[in-house]
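Here is a short briefing for a first look. Keep the sequence and the 3D view open while you read.

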Amino acid sequence: MAPTPRNLPQIIAAIAATLKQHEDEVTDLDGAIGDGDHVVNLQRGVAALQAQSAELADLDWKAAFQKIGMTVMSKVGGASGSLYGTLFVTLAKTLADGAPDRRAFAAAFAAGVEAMQARGKSSEGEKTMLDVLIPVARCLEREAERPLPALLDLLVEVAWAGAEATRDMVATKGRASFLGERAKGVMDAGARTSQLMITAIAAVVGGEAA
Ligand code: ADP
Ligand code: MG
């Protein structure tokens, strides 16, 4: 079964749990090559979404993503707040009312990630969350017809490979770009949290499907 906004409270709770579980690790990553606030920024937004989750569950995807986007923009702050806010607002703008099929969702997600690139003036290979989100968007579009469990496994693998790849990159966007070669050897915090959140979402959606 395709996930519906009825699954959102569980998805948001799973995201909160994975961020809590990895908060020290992510703070160390952002502390090493950024300013250390990344996980706290995200947690502020996720706490606000948890408070709204019953309301979100009653909407369709288009309206839910619009509401999520506004909350993320106003609560998260930092580069990640405007980037994730752009993702969700673009998802809302691109989807039609009602229940999108997997192809429509994949196309909207790809449009959202493209809008993030325009917003951040950034692309793949610059040691950011986009090194996870761009390959995930591509995989979702290319593999949309696979059976759900196989698709979810693939997305989790692609997200992990994307986060891992940032370790050896030199940053050309965001605070880590001030460090030049010295940022090498540290995984990007935003890539790590993107990967953690995608993995958490896949676990909920996969559990629903089973
Ligand atoms: P800030 O850098 O403003 O403190 P956060 O700490 O919340 O914001 O988020 C930092 C993360 O945002 C980085 O690890 C990186 O993944 C991502 N990021 C920063 N700038 C950009 C950009 N221009 N394009 C894409 N992602 C970016
Ligand atoms: Mg930061």
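Asp35 is partly exposed, at 39% relative accessibility. Here buried means under 20% relative accessible area, exposed over 50%, and partly exposed in between (1.4 Å probe, protein chains only). This is a predicted model: local features need pLDDT of at least 70, side-chain atom pairs count only at pLDDT 80 or more, and totals for chains, interfaces and linings use all residues. Residues are numbered from 1 along each chain as its sequence is written, chains are lettered from A and ligands numbered from 1 in the order in which they are written, and side-chain values use heavy atoms, with hydrogens and water left out.

**Metal site**

- Asp35 (OD) and Asp37 (OD) coordinate the magnesium ion (ligand 2), at 2.0 Å.
- Donors are N, O and S atoms within 2.8 Å of the metal (3.2 Å for Na, K and Ca); water is not among the atoms, so sites may look incomplete.
- Asp37 is partly exposed, with 29% relative accessibility.

**Ligand 1**

- Ligand 1 is surrounded by 20 residues, and the closest are Asn41, Ala79, Ser80, Ser122 and Asp188. A residue is near a molecule or strand if one of its heavy atoms lies within 4 Å of it.
- In the side chain of His38, an N or O atom is 3.1 Å from an oxygen atom of ligand 1.
- Ala79 places a backbone N or O atom 2.9 Å from an oxygen atom of ligand 1.
- For Ser80, a polar side-chain atom lies 2.5 Å from an oxygen atom of ligand 1.
- On its own, ligand 1 has 560 Å² of accessible area, and the protein covers 91% of that. Accessible areas come from the Shrake-Rupley method with a 1.4 Å probe; for residues, only the protein chains shown count as cover.

**Thr128 and its loop**

- Thr128 sits in the loop between helix H7 (102–120) and helix H8 (130–142). Helices (H or I, at least four residues) and strands (E, at least two) are DSSP runs, numbered from the N terminus.
- Thr128 is buried, at 13% relative accessible area.
- A polar atom of the Thr128 side chain lies 3.0 Å from the backbone nitrogen of Leu130. A polar contact is a pair of N or O atoms within 3.5 Å; within protein, one must be able to donate a hydrogen and the other to accept it, and residues adjacent in sequence count only if both atoms are side-chain atoms.
- Neighbours within four places in sequence aside, Thr128 is in contact (heavy atoms within 4.5 Å) with Thr166, Lys173, Asp188 and Ala191.

**Aromatic rings**

- The whole structure holds four aromatic pairs. Rings of Phe, Tyr and Trp (its six-membered ring) pair if their centres lie within 6.5 Å; planes under 30 degrees apart count as stacked, over 60 as edge-to-face and the rest as tilted.
- Phe105 and Phe109 make a stacked pair, 6.2 Å centre to centre with 25° between the planes.
- Both residues, Phe105 and Phe109, lie in helix H7, four residues apart, about one turn of the helix.
- Phe105 is partly exposed at 27% relative accessible area, whereas Phe109 is buried at 11%.
- Trp61, Phe65, Phe88, Phe105 and Phe109 are linked into a cluster by ring pairs.

**Two further residues**

- Leu155 belongs to helix H9 (residues 148–166) and is buried, at 9% relative accessibility.
- Asp58 lies in the loop between helix H4 (53–57) and helix H5 (61–75) and is exposed, at 57% relative accessibility.
- The side chains of Asp58 and Arg6 are joined by a polar contact of 2.5 Å.
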